[in-house]
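Subject: Structure handover

Hello,

Here is the structure we talked about. Please open it first, then read my notes below.

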Amino acid sequence: ELFQASKGFDCRISAYPNYDYLATKKGVLPPRYVPQNLLLFIDQEQGDIKTTLHNIKMLLSGGHPTVIWTGHGYHIYLPIFLLDKQFKNNEEVTVDFLRFIERHISHNQSDKGHYPSLRNSMMRIPFSWNSKAVAEDSDNFEVRIIQKWDGFRVSPSVELLAEFNLMKQRAKLKELKQERILKEQIKSHKIIPTDTPTDPLKEF
């Protein structure tokens, strides 16, 4: 009904279920549960889509995803297994991985304003219309399927997981370095508050 009311413009659905709702309202999932099966969501600007698909094939066990033309670029959807124990019940690590893999596999051709999470990844519906493209008088405003998923879920390669863990380690080291610098700055510029009462007897 909502799609009919929109007259076919900007029809989208969430790439992931509302886990918070399921956990708190339906009692289906424990709090902060992150499933092992996720949808890889890549929002790519008009770039070399063939390179991205090649990287998916090499780094995701021969994955053959669904590719959608959105009117401005491409959405790539591919169900994946996250079997590594670091992802289990850890939403933060899972989201970090989804953001890492989008940038890494697309060679930074993904939409710079897109930060995938379990709450904000919206998939466009085929045969709907992209209103932004219509407003720009584009000839390709209709959302359409370029390639269909082959039905096989895939897992990240050992190399891809190693690269992700290396990225996390570098980020942690950078964070620790910044904390150390901040502490040193505070220590070297220690100032006594001006409103601290003084002892008048010290002048005599």
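One term to start: buried means under 20% relative accessible area, exposed over 50%, and partly exposed in between (1.4 Å probe, protein chains only). Glu102 is buried, at 0%.

Some background. This is a predicted model, where local features need pLDDT of at least 70, side-chain atom pairs count only at pLDDT 80 or more, and totals for chains, interfaces and linings use all residues. Residues are numbered from 1 along each chain as its sequence is written, and side-chain values use heavy atoms, with hydrogens and water left out.

**Salt bridges**

A salt bridge is a side-chain nitrogen of Lys or Arg within 4 Å of a carboxyl oxygen of Asp or Glu. The structure holds three.

- Arg103 pairs with Glu102; their closest N and O atoms are 2.7 Å apart.
- Glu91 pairs with Arg119, at 2.3 Å between the closest N and O atoms. Glu91 lies in helix α4 and Arg119 in the loop between α4 and β5, so parts 28 residues apart in sequence are tied together. Helices (H or I, at least four residues) and strands (E, at least two) are DSSP runs, numbered from the N terminus.
- Arg124 pairs with Asp10, with the closest N and O atoms 3.2 Å apart. Arg124 is in strand β5, and Asp10 is in the loop between α1 and β1, 114 residues away. Arg124 is buried, at 12% relative accessibility. Asp10 is partly exposed, at 26%.

Best wishes
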